[in-house]
Amino acid sequence: MRRVLGPWQFLRKQSSYLEAHTRVRGRPIQLSIAEKVPRIRALQHRLQLNDIPADALARSLIDGTSTLDYVNNTGLSRFGRTLLSFYALRHFMIKYPRLPSHVLKHLVHQYTSMPALAEHAKLWGIQPDNRSSLGRYLSGEEDTDGLGFLSYSDKIQEVEPGIQKIQSGSAVTSLTDAMGGCVRAIVASVYAHRGLELVEQFVSQYIIEPRQVDLTQIMAFSKPTRELSVLCAREGMEPPVSRLLAESGRFSSQAVFVAGVFSGDMKLGEGQGTSLNEARTRAAVNALQGWYLFSPKVSNYVDAGEVVI
Amino acid sequence: MAYIQTRHVSSLAAVTAKGLRKLPEQYMRSVAGVMYPGEPTTLAPAKKFLGDFKLSDPLILQCLVHKSFAHGKVPYNEKLAFIGSELLRLEAARAAAQAGNQALPKELTINGQNFDISSNAIELLTSAQVLSKICQNAGLDDTLFYKTPKRDLTSSIRAKTVNAFVGAVLLESGSTAAFRFIDDRLMREHNLFSIAEPLYRDSA
């Protein structure tokens with residue numbers, strides 16, 4: 001087993017700070033027991049995690065609201081969220097360095113939010129078990145039988161057929177949040193045993209690459225023509241001018257206009273619409289999308305910042 | 001008796017008029033009175049803060065410029081600060097997990113690391129209050145370019161500057177150098193923990 005060591009051994013002097021703020025409850029999961037759980041072995045094979053100990057994966061599947069008397073994934077999930085946010089942000093910031101900050105934030109959220117991660121958990125074959133300790137006792141099961149399932153306390157309880165009770169508080173959670181939390185915890189477990197470089201590969205392979213988001217659909221501009229004018233002024237380009245490139249059926253009920261927006265001789269964008277104004281606006285949006293979705297070949301491109309209007 | 005009606009007209013000379021363009025000399029000046037892009041001495045405190053970590057002068061200047069300055073007409077530090085804050089949070093959590101393993105029995109750690117440290121304690125390490133203190137200690141206050149409605153230097157602007165330096169090192173020199181920058185300059189030189197601990201006690 002490889003230890004991941006950092007250059008911060010000097011921080012051991014700060015152990016009083018860290019000891020005072022450590023919160024953990026439950027007993028440890030024994031490796032010998034976790035290794036015999038078929039669901040955990042299946043998860044190891046499915047995600048190519050054979051080098052990750054079974055007890056760490058079993059712990060990743062126990063939510064903070066679980067009634068199992070084992071250590072849970074609260075801390076791991078928190079750490080995993082930090083890892084996921086950083087790597088998702090870094091991925092998109094290097095790929096599209098000119099994206100506005102609010103679009104970047106939205107994009108990172110699309111990939112790392114609980115509903116998005118819960119979808120991954122379903123694809124990975126993680127199955128929930130929200131039975132109470134009494135329910136397990138009545139079924140003649142022990143805590144060890146709950147290992148391998150996603151253990152949590154659901155905030156929606158069926159009191160009787162057709163009637164559901166929705167609870168609130170920190171002792172219960174939703175299935176989506178529990179699923180998302182376990183994915184974050186698995187990412188943290190991968191980091192703990194493989195280190196930063198390999199966890200980046202894992203995040204890229206299992207979280208970022210399988211999901212595709214159409215960036216042109218999530219970018220909206222309130223004043224595109226004005227924003228384009230400010231952008232051209234900032235970048236030292238000639239002011240943008242819209243020109244009509246083509247038209248059809250001007251006096252009919254289904255007119256189509258094609259407009260282009262130019263800075264000097266350089267064509268910045270093109271758009272079409274049922275009126276001259278719509279075509280001009282769409283051309284400006286097209287030009288702005290071309291600017292913001294620029295993807296450089298080098299990874300150390302630093303953007304000056306989005307346009308302020 | 002005849003009354004003579006008189007009217008007194010007075011006018012105030014306004015510095016700017018609505019609709020007219022401001023002169024660059026009016027808005028391209030920092031609160032400390034330095035004209036953008038600054039004098040040769042403007043970057044000196046930032047270079048001292050960076051230590052052995054080299055960045056190009058335009059990038060250092062970008063780290064010192066807040067989005068509020070000159071209505072975003074010059075490169076500013078918003079996105080550098082964004083990625084820098086994420087990296088700083090990650091490194092603080094990593095450092096705490098690695099160094100806090102003595103706070104737990106060995107069987108509760110994961111590969112010798114403690115992931116059960118309170119989130120408040122880690123968040124505070126990278127909070128605006130702590131980073132603002134570092135910015136002040138590094139003597140960067142007078143070199144910042146910003147404009148706020150009250151012309152008051154807030155902790156948020158200072159914190160963004162420190163985060164922006166982390167982000168700039170990350171994008172310019174890669175993650176290994178950025179982690180080393182955080183460990184050497186922020187954790188050792190400016191000791192995040194010693195600044196954070198009294199703040200945590202005060203907030204508790």
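**Sheet, chain A**

I began with the open sheet of chain A: three strands in the order 5-6-7, paired antiparallel (two strands pair if DSSP finds at least two bridges between them; strands are DSSP E runs of at least two residues, helices H or I runs of at least four, numbered from the N terminus). I noted strand 5 (240-248) and strand 7 (266-273) as the edges, each pairing on one side only. The twist averages 20 degrees from one strand to the next. I then followed strand 5 against strand 6 (residues 256-263) and found eight antiparallel bridges. One bridge joins A:Ser248 to A:Val256.

**Basis**

This is a predicted model: local features need pLDDT of at least 70, side-chain atom pairs pLDDT 80 or more, while totals for chains, interfaces and linings use all residues. Residues are numbered from 1 along each chain, chains are lettered from A in the order written, and side-chain values use heavy atoms, without hydrogens or water.

**Interface, B with A**

I looked up the contact (heavy atoms within 4.5 Å): 57 residues come from chain B and 62 from chain A. The two chains bury about 5,500 Å², 64% of it on carbon and sulfur atoms (accessible area, 1.4 Å probe, lost on being put together, summed over both).

I found two salt bridges between the chains (Lys or Arg side-chain nitrogen within 4 Å of an Asp or Glu carboxyl oxygen). B:Asp116 forms one with A:Arg59, closest N and O atoms 2.7 Å apart. On the side of chain B that touches chain A, helix 4 of chain B gives the largest share, 16 residues.

Key: Axes fitted to C-alpha atoms, helices over the stretch in contact; angles between N-to-C directions.
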